[in-house]
Amino acid sequence: MRRILVTSALPYANGQIHLGHLVETIQTDIWVRFQKLKGHECLYFCADDTHGTPVMIRARQEGISPETLVERIHAEHLSDFQGFHIGFDNYYTTNSPENRLLSEEVYLNNRQAGNIRVSTVRQAYCEWDQMFLPDRFIRGNCPTCGAEDQYGDACEVCSGSHSPLDLKNPRCSLCGDTPVERDSEHYFFRLTAFETFLKEWIRSGAVQPEMANKLDEWFEAGLQDWDISRDGPYFGFEIPDAPGKYFYVWLDAPIGYMASCWEWCKRHGRDFDAIWRRDDLMEVYHFIGKDILYFHTLFWPATLRGAGFRTPTAVYTHGFLTVNGQKMSKSRGTFITARRYLELLDPEYLRYYYAAKLTARVDDLDLNLDDFILRVNSDLVGKVVNIASRSAGFIHKRFAGRLAENYPHDDGLHDQFVAAGEEIAAHYDAREFSKAMRAIMNLADLANRFVEAKAPWNLAKDPAKSDELRDTCTVAINLFRILMIYLQPVLPQLAEKCRDFLQLPPFGWESRLQPLYGQTIREFAHMMARVDPKKVESLVETVAPVVPPAFAAKPVVAKPATPAAAPVASPSVVTPSPAPPLGEPLDIETFGQVDLRVAKILAAEPVDGADKLLRLTLDVGELGHKTVFAGIRAAYAPETLPGRLTVLVANLKPRKMRFGVSEGMVLAAGSGGDQLFLLTPDLGAAPGMRIR
RNA sequence: GGCGGGGUAGCUCAGUUGGUUAGAGCUGCGGAUUCAUAAUCCGUGUGUCGGCGGUUCAAGUCCGCCCCUCGCUACCA
C-alpha cells in the first residue's frame with residue numbers, strides 16, 4: 001500500500017470559486033479518489049489562503065475585520081467545493097494557530113541556518129492610507145511608453161515591466177494621493193543559496209519535462225533572493241523579533257498545506273512529524289496551475305529544505321481554463337462561478353467533461369459549451385447509463401429482479417473488461433484521464449454492441465429462450481457494474497446510485513474481479529438526466545451590461561473612511577480609468593448602425609437580489625418608455641437620478657436578465673464600481689433626439 | 001523587443017526515433033432496430049496537417065523565414 005499526501009493550491013480568500021479553480025480541484029480529487037479506490041492511503045489537504053493586502057483592503061471596504069471576512073469566505077469556498085464532490089480530508093485556513101507556528105518555525109530554522117538576510121528597500125508609501133503600497137495598488141504613467149494609468153509593475157500598452165518608483169505621475173489606487181518614497185528594512189530569503197539543490201530536485205522527476213524547461217530559463221536568468229517581509233498594516237503573521245514586519249502572504253500560504261495536515265493529524269491521532277520531517281514514509285504531491293509554478297518549484301522546496309523539512313515528491317502543473325476557446329470573461333458571461341454552475345447543472349457533468357480532456361501535460365483546457373452538452377449526453381447517458389437502463393427492465397418484468405444463478409457464458413467479455421482495468425488504472429495513475437475516459441467509453445461501446453447482437457427484445461418474445469434472456473441481461477448489468485467502478489473516481493455520485501441499484505457494498509478497484517449473479521437488484525430508476533441546453537445558455541448570460549467589460553475585473557477600491565480628519569472624498573479625486581488600447585478602425589456606416597438617443601430618467605430603483613444594478617425607466621420621446629438595467633448602483637444613489645438626461649443605446653438587442661429584460665444601455669465613463677460617470681447632453685437636448 | 005508553448009476533419013483531440021492511401025471520439029448524412037432517457041447498431045470523412053521555401057528516395061514529423069494565438073520576461077502574482 002502506498003501512503004500518499006496530496007494538495008490542491010489554496011484559493012485566495014478574496015473572491016469566489018469559479019470553473020477555473022475547479023479544473024484543479026477536480027483533477028486532484030479524481031486522482032485522490034482513484035488512489036483510495038485502489039486501496040492506498042491517500043490524504044487530501046487544502047485550505048483558504050487568507051493573508052495579504054487585498055483581503056485587508058476588502059475587509060476594510062466592507063467595514064468588517066479581516067478575520068470575519070476570511071471566515072465567511074472559507075464557508076463559501078468549502079460549500080462550493082462540496083457541491084462538486086471534492087473530497088478533502090481537511091479544508092483548513094492559513095489564518096490558524098498551526099500555520100502561525102509552522103511559519104515561525106520555517107522562518108527561524110532558516111534564520112538559524114543563515115538563509116535570511118536584511119536589506120533596505122525603497123518603496124512607495126501612501127501617507128494618507130499610512131501604508132506601503134504593493135505594486136498593484138499604484139497607478140501612473142508608464143515610464144517607457146508614457147501610457148496613462150498603468151499598474152506599478154507592468155504596462156499593458158507596451159507590455160514592459162518597470163519599478164513602481166519609476167512611474168510618472170504615480171497615484172495610490174486606494175485614495176488617489178501621490179505616494180512618497182520611503183525606506184524600509186525587508187527580510188530576504190537567500191534563494192540563491194539553493195540553486196544546486198533545486199537543480200537536483202527538479203532533475204529527480206519532481207516536475208513535468210516542459211516545466212523543467214521553463215525552470216531552466218529562470219536558472220539561466222539567474223535566481224534572486226526573495227523578499228519575504230511586508231510592513232504593517234498587513235493582514236498576516238508578524239515576524240518573530242521584528243515588530244511591525246509581517247510574513248509576505250506567499251511565505252505562509254504553502255505552509256498552509258502543512259497546517260491543514262497538522263490540524264487533521266491532531267484530530268485523528270496521527271504523527272505529523274512522520275509525514276513532514278522525514279521523506280521515507282509518504283509521497284507528497286502538489287497539484288497547481290502554471291501561474292504559480294515559481295512559488296511551488298523554487299521558493300517552496302527551498303524554504304522547506306532550508307528549514308529541515310522534507311521536500312515534495314513532485315509538483316504537477318496543469319494549464320488554464322478557457323471557455324469556448326477564449327479566456328474567461330465577465331463581459332462574455334464566461335466567468336462562471338462554481339455557485340452559478342451548481343444552481344443550474346449537475347456537478348458530475350463538469351467532472352466528466354474535465355476528465356475527458358485532462359492530460360498529464362500543461363496544456364490549457366477548453367470548456368466548449370456545445371461540445372460539453374454533446375459529449376456528456378452521448379457518453380454518459382447514451383452509452384454508459386443506457387446499458388443498465390436497457391437491461392434492467394427485463395430482469396424485473398420477467399425475473400422479479402433476480403439475476404442469473406451463475407455467471408453466464410459471455411465470450412470472454414467480462415474477462416476483457418477486467419483486463420482493461422490494468423490499462424485504465426495506469427492512465428489514472430499517470431494523470432492521463434482523457435485516455436482513461438477513452439478506454440472506458442470503448443468498453444461501453446462493446447457492451448452496447450453485445451446487447452445489440454443478443455437482441456434481448458427478440459428473446460423476450462420466445463418463452464423457450466427465457467434463460468438466454470436472463471443471461472444476456474445479467475452480462476450487460478455486470479459490464480455496467482465494471483464501468484461504474486472505473487468511473488467512480490470521476491463520478492462518485494453516479495457510482496453510489498449504481499451500488500444502490502445493484503445492492504452492493506462499497507467498490508474497490510479489485511471488486512471488478514468478482515462477477516455478480518444469483519442475487520436481486522433494485523428496480524431501475526433514472527440515474528442521470530441529460531444536459532439541458534437551456535441551462536447551459538443561462539450559464540453564460542451576462543449580468544451587468546453597463547460596466548465596461550475591459551475594466552470589470554480591475555480592483556476598484558473606495559477611499560477608506562478611517563482617518564478622522566480626512567476630507568470627504570470628492571469626485572475630483574478619482575482613480576482615472578486605464579487607457580485601453582485604441583480599438584479597431586471603424587467606418588462611419590458601421591458606427592451609424594448605433595442608434596444613440598437622448599433619454600430622460602423617469603425612475604431609478606435598486607434591483608432586489610442584485611447588488612450592482614439599478615432599474616432605470618427612461619423617457620425616449622417618440623420611442624416611448626424603456627426599461628434599462630444599469631450596473632451603476634455603486635456610483636449613483638437612485639434618488640439622485642430621476643429628472644436628469646443621459647445617453648441611451650436605443651437599438652441594442654434586448655437582453656434577458658435574471659431580473660427582467662433590459663432594453664438598451666446607458667453610457668458611462670470610468671473604470672467601474674463607484675468610479676462611473678454618466679454622460680449628459682448639453683442644455684437644450686430633449687428626450688428622443690438622435691445623437692450623431 | 002527577447003524567450004517559450006500552440007496552430008491536424010464541422011467540434012474536441014491522437015499522431016512513436018521522418019516511411020505503406022494522415023487517425024479516434026462526437027456531430028452531420030444514409031440505413032437498421034425499437035429493450036432503453038428520440039438512447040442503440042451498421043455504413044459514411046476528397047482534411048492545402050497555419051503559409052512559403054529548403055534538406056531527403058520519403059516530412060504533419062527535420063531546417064529557415066513569415067502569419068495567427070497563448071504565456072513568461074526575475075524582489076508582481
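Colleague: Why are helix 6 and helix 9 called roughly perpendicular to each other?

Modeller: In this predicted model, the axes of helix 6 (residues 209-221) and helix 9 (residues 293-307) cross at roughly 65° and come within 11 Å. Such axes are lines fitted to C-alpha atoms, for helices over the stretch in contact, and the angles run from 0 to 180 degrees between N-to-C directions. Angles under 35 degrees count as roughly parallel, over 145 as roughly antiparallel, 65 to 115 as roughly perpendicular and the rest as oblique. Helix 6 and helix 9 are therefore roughly perpendicular. The crossing is right-handed; a near helix turned clockwise from the far one by less than a right angle gives that label, and anticlockwise gives left-handed.

Colleague: Which residues make the contact of helix 6 with helix 9?

Modeller: Helix 6 contributes Met-211, Lys-214, Leu-215, Trp-218 and Phe-219, and helix 9 contributes Leu-293, Tyr-294, Thr-297 and Leu-298; contact means heavy atoms within 4.5 Å. By class there are 7 nonpolar residues, 1 polar and 1 charged. Here Ala, Val, Leu, Ile, Met, Phe, Trp, Tyr, Cys and Pro count as nonpolar, Asp, Glu, Lys and Arg as charged, and the others, Gly among them, as polar.

Colleague: What conventions lie behind the numbering and the values?

Modeller: Residues are numbered from 1 along each chain as its sequence is written, while chains are lettered from A and ligands numbered from 1 in the order in which they are written. In this predicted model, local features need pLDDT of at least 70, side-chain atom pairs count only at pLDDT 80 or more, and totals for chains, interfaces and linings use all residues, with side-chain values taken from heavy atoms and with hydrogens and water left out. Helices (H or I, at least four residues) and strands (E, at least two) are DSSP runs, numbered from the N terminus.

Colleague: What makes helix 5 roughly antiparallel to helix 6?

Modeller: Helix 5 (residues 195-206) packs on helix 6 at an angle of about 165°, with the axes 11 Å apart. That angle makes helix 5 roughly antiparallel to helix 6, and their crossing is left-handed. From helix 5, Glu-195, Leu-198, Lys-199 and Ile-202 take part; from helix 6, Ala-212, Leu-215 and Phe-219 do. This contact has 5 nonpolar, no polar and 2 charged residues.

Colleague: How do you know that helix 14 and helix 16 are roughly antiparallel?

Modeller: The axes of helix 14 (residues 433-454) and helix 16 (residues 466-487) cross at roughly 170° and come within 10 Å. Helix 14 and helix 16 are therefore roughly antiparallel to each other. Among the contact residues are Ile-440, Ala-444 and Val-451 of helix 14 and Val-475, Leu-479 and Leu-483 of helix 16. The contact divides into 14 nonpolar residues, 1 polar and 1 charged.

Colleague: How do you know that strand 4 and strand 9 pair?

Modeller: Strand 4 (residues 116-126) and strand 9 (residues 180-189) are joined by 10 bridges in the antiparallel sense, and two strands pair if DSSP finds at least two bridges between them. Ala-124 has Glu-181 in strand 9 as its bridge partner. The open sheet of 4 strands has the order 5-4-9-10, with antiparallel pairing.

Colleague: What makes strand 5 and strand 10 edge strands?

Modeller: Strand 5 (131-132) and strand 10 (226-227) each pair on one side only.

Colleague: What is the order of the open sheet of 3 strands?

Modeller: Its order is 11-13-12, with antiparallel pairing; strand 11 and strand 12 are the edges. Strand 11 (residues 229-231) is joined to strand 13 (residues 242-247) by 3 bridges, and Asp-231 has Lys-245 as its partner. Strand 12 (residues 238-239) meets strand 13 through 2 bridges. In the hairpin of strand 12 and strand 13, with 2 residues between the strands, Asp-241 takes a positive phi near 60°.

Colleague: How many bridges join strand 20 to strand 21?

Modeller: There are 6, and the two strands run antiparallel. Asp-619 stands opposite His-625 in strand 21. Their hairpin has 5 residues between the strands, and Gly-621 has a positive phi near 60° there. Strand 20 (residues 614-619) is also joined to strand 19 (residues 596-606) by 6 bridges, with Ile-601 opposite Leu-618.

Colleague: What is the mean pLDDT of chain A?

Modeller: The mean is 85, and 89% of the residues reach 70 or more, pLDDT being the predictor's confidence in each residue, from 0 to 100. Over residues 544-581 the pLDDT is below 50, although this stretch has 71 contacts in the model beyond near neighbours in sequence. Where pLDDT is low, the predicted coordinates should not be read in detail. The model scores ipTM 0.86 and pTM 0.79.
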